[in-house]
Each structure stands twice: as structure tokens, then as C-alpha cells.
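Open the model in the viewer and keep the selection tool at hand. The tour makes a few stops, each with something to select and something to check.

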Amino acid sequence: MIAQVVPILLAFGSNLGDRSGTIAAAQRELAASAGIIEFSPSPLRETIALTLDGPDETAPRYVNGVARATTTLSPHQLLDLLQAVESTHGRTRETRWGDRTLDIDLILFGGRVVQDERLTVPHPRAFERDFVLAPWIALEPDAVLMGHGRVADLLARVGDTTLPLSAETEAADAAVRETR
């Protein structure tokens with residue numbers, strides 16, 4: 001039997017440690033993983049932290065990005081792979097929406113809808129998150145979020161608070177990288 005190849009969209013975030021380096025390493029690992037094909041990451045963006053209580057200007061800022069790829073994995077096999085990569089990079093799950101070394105969300109899995117105790121796809125909050133929408137537009141200007149419409153229209157509605165990575169951000173992350 002020939003495995004079906006399915007287009008996917010992943011979102012990445014990190015607000016602890018070497019944020020951009022961690023995301024880049026995770027993306028390299030995923031791109032090299034069995035069952036992942038044609039991996040294409042967006043430029044990274046920086047945003048304020050979003051907590052259960054809303055935006056938190058006092059928390060460490062996030063670096064975010066998305067990546068398009070195709071996969072021969074099932075949705076749950078892919079979820080297991082994403083969580084293994086998160087774990088490799090020190091991800092812990094003590095506080096919901098808390099600070100983290102790495103977060104990888106499955107935003108889209110082809111045109112499929114998945115909803116069970118482990119996984120909901122399309123991602124239920126992607127349509128309202130500029131830190132997903134802005135890098136997605138940079139990667140795919142005509143993107144459409146299943147069930148919600150054009151990504152450009154969604155971003156116009158929520159507003160874009162993301163910023164391109166500055167030289168200061170890159171230098172700070174590189175300094176963390178060098179202390180390891």
C-alpha cells in the first residue's frame with residue numbers, strides 16, 4: 001500500500017533560553033524525520049507572551065514561526081513526533097500556556113478535521129493568533145485557514161503585533177547559545 005502524502009502546517013514558539021536556536025534545531029530535526037517531506041519554514045517573528053489571562057508584557061517574549069510540510073504520518077503519529085521533539089528540547093507541561101523552551105502546534109492536517117482527547121485539527125485558536133497568522137502570510141501570502149477564510153483577512157481582523165527578529169534579539173539568543 002502506498003502511503004498518502006498530506007500537506008500540514010506547524011506552528012513553533014519559544015520564550016525561554018535560545019529561542020530562535022531552539023526553533024531552528026527543532027525544525028531541522030523534523031525536516032530530517034521519517035515521514036516528513038518538503039519542509040519549508042517561515043521567517044521567525046517576536047511577540048509578547050500570551051497567557052490564560054491575556055497578553056503579559058512582563059513575561060519573556062516569544063519567538064514564533066510556522067512551517068509547511070507534507071507527511072506520510074497519521075495525525076497522531078505526527079503529534080507523537082512533535083511532542084518527542086518538544087521533549088528533546090526541554091519542554092515541560094506544568095502550567096497551561098506557561099513559559100516554555102519549545103511549543104509545536106499542528107495547525108492543519110490536509111483538509112481533515114480531527115477532534116479527540118489528544119488532538120484538535122484545525123487548531124481551534126489559530127484564527128485569532130497573530131503569531132501564527134503573520135509568519136504564515138510571509139510563507140504563503142494567499143493562505144486559507146480551513147473553516148475561517150483567508151489568512152490575510154484574519155490577520156487584518158486581529159491585528160499584527162508581531163515584529164521581525166531584531167539584531168538585538170538575534171544577539172541575545174546567540175549569547176544564550178554560547179553559554180551552553
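**Stop one: helix α3**

This is a predicted model. Select Asp130, Phe131, Val132, Leu133, Ala134, Pro135, Trp136 and Leu139 of α3, which are buried. Helix α3 covers residues 130-139, and because eight of its 10 residues are buried, it is largely enclosed by the rest of the structure.

**Stop two: α3 against α4**

The crossing of the two helices, α3 and α4, is left-handed.

Now show side chains at the contact. From α3, take Asp130, Leu133, Ala134, Trp136 and Ile137; from α4, take Val151, Ala152, Leu154, Leu155 and Val158. Colour this set by residue class: nine residues of the contact are nonpolar, one is charged and none is polar.

**Stop three: the aromatic pair**

Clear the selection and turn to the rings. How many aromatic pairs does a search of the whole structure find? The search finds one. Select Phe12 and Phe39: their rings sit edge-to-face, 6.5 Å centre to centre, with 75° between the planes. Phe12 belongs to strand β1 (residues 6-14) and Phe39 to strand β2 (residues 36-41), so the pair, 27 residues apart, links distant parts of the chain. Are these two residues buried or exposed? Both Phe12 and Phe39 are buried.

Notes: Residues numbered from 1 in each chain as written. Predicted model: local features only at pLDDT ≥ 70, side-chain atom pairs only at ≥ 80, totals over all residues. Heavy atoms only, no water. Buried < 20%, exposed > 50% of the residue type's maximum accessible area, 1.4 Å probe, protein only. Helix = DSSP H or I, 4+ residues; strand = E, 2+ residues; numbered from the N terminus. Phe/Tyr/Trp six-rings, centres within 6.5 Å; stacked < 30°, edge-to-face > 60°. Left-handed = near helix turned anticlockwise from the far one by under 90°. Contact = heavy atoms within 4.5 Å. Nonpolar A, V, L, I, M, F, W, Y, C, P; charged D, E, K, R; others polar.
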